[in-house]
Amino acid sequence: MSEKLVTKLSKRKCFTLSENDTLKTVSEKLQKHNIGAMPVLSTQDNNVIGIVSERDLVRYIFNDEFKNDLSVTKIMSKNLITCNLNTSVTELMEIITNNKIRHIPIMEEKKLLGIILVVIGIILLVFGFNASQSLGDQVTETFTGRFTDETMWYIIGGAVAVVVGGFLALGRK
């Protein structure tokens with residue numbers, strides 16, 4: 001059987017920040033690596049103590065106290081929402097939906113393994129799969145031999161987004 005999605009994603013390179021990094025360092029690293037978020041590690045034990053996203057940085061830019069040399073710990077999200085290698089795609093979708101987040105650190109016993117950057121392709125594929133299991137789609141498939149147009153668009157759009165996203169993620173240097 002194929003590997004779980006989270007296990008596959010945990011093998012990709014994960015860029016991190018130190019709690020001593022500044023907002024200038026954060027913006028430089030996000031730009032350099034073309035990513036949207038990075039976990040912040042403790043200098044004492046290398047444990048994850050927070051996460052900083054582009055959204056966190058943008059919220060703070062207009063603050064009167066904004067300075068390039070301000071510590072990343074001033075703007076990072078400290079209440080981490082994480083997953084582990086056993087987390088299923090369905091569970092990920094629940095976490096994403098319930099918490100309105102896009103970046104989820106993959107953790108095993110306080111050790112950072114990677115970060116999931118949720119792409120629309122996965123969401124569309126899940127919607128497509130769920131739609132294909134509905135009674136309406138089952139009846140349509142029985143009589144016409146194919147799924148409804150809506151379900152097909154979810155599946156096709158999701159597959160294209162996953163392939164393109166995977167190509168861009170793996171092809172990035």
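This is a predicted model: local features need pLDDT of at least 70, side-chain atom pairs count only at pLDDT 80 or more; totals for chains, interfaces and linings use all residues.
## The β2–β3 hairpin

Strand β2 (residues 37–41) runs antiparallel to β3, and five bridges join the two strands; within this pairing, Leu41 stands opposite Val48 of β3. The two strands form a hairpin with six residues between them, and in the turn Asn46 has a positive phi of about 65 degrees.

Strand β3 (residues 48–53) is largely enclosed by the rest of the structure, because five of its six residues are buried.

Helix α2 spans residues 23–33, and its buried residues are Leu23, Val26, Leu30 and His33. Viewed down the axis of α2, these buried residues fall within an arc of 115 degrees, and therefore they line one face of the helix. The elements against which the buried residues of α2 pack are β1 (17–18), β2, β3 and α3.

On the other side of α2, by contrast, Gln31 and Lys32 are exposed. Just after the helix, Asn34 takes a positive phi of about 55 degrees.

## Salt bridges

The model has a count of four salt bridges, among them one between the side chains of Lys24 and Glu28, at 3.9 Å from N to O. Because Lys24 and Glu28 are four residues apart in helix α2, about one helical turn separates them. Lys24 is partly exposed, with a relative accessible area of 42%, and Glu28 is also partly exposed, with a value of 45%.

Another salt bridge joins the side chains of Lys29 and Asp21, with an N to O distance of 3.8 Å. Here Lys29 is partly exposed at 27% relative accessibility, whereas Asp21 is buried, since its relative accessible area is 16% and the cut-off for buried is under 20%.

In helix α3, Arg59 and Asp56 lie three residues apart, about one turn of the helix, and their side chains meet in a salt bridge at 3.6 Å, again from N to O. Arg59 is exposed, with a relative accessible area of 58%, while Asp56 is buried, with a relative accessible area of 9%.

Technical notes. Residues are numbered from 1 along each chain as its sequence is written. Side-chain values use heavy atoms; hydrogens and water are left out. Buried means under 20% relative accessible area, exposed over 50%, partly exposed in between (1.4 Å probe, protein chains only). Two strands pair if DSSP finds at least two bridges between them. The arc is that of the directions from the helix axis to the C-beta atoms. Contact means heavy atoms within 4.5 Å.
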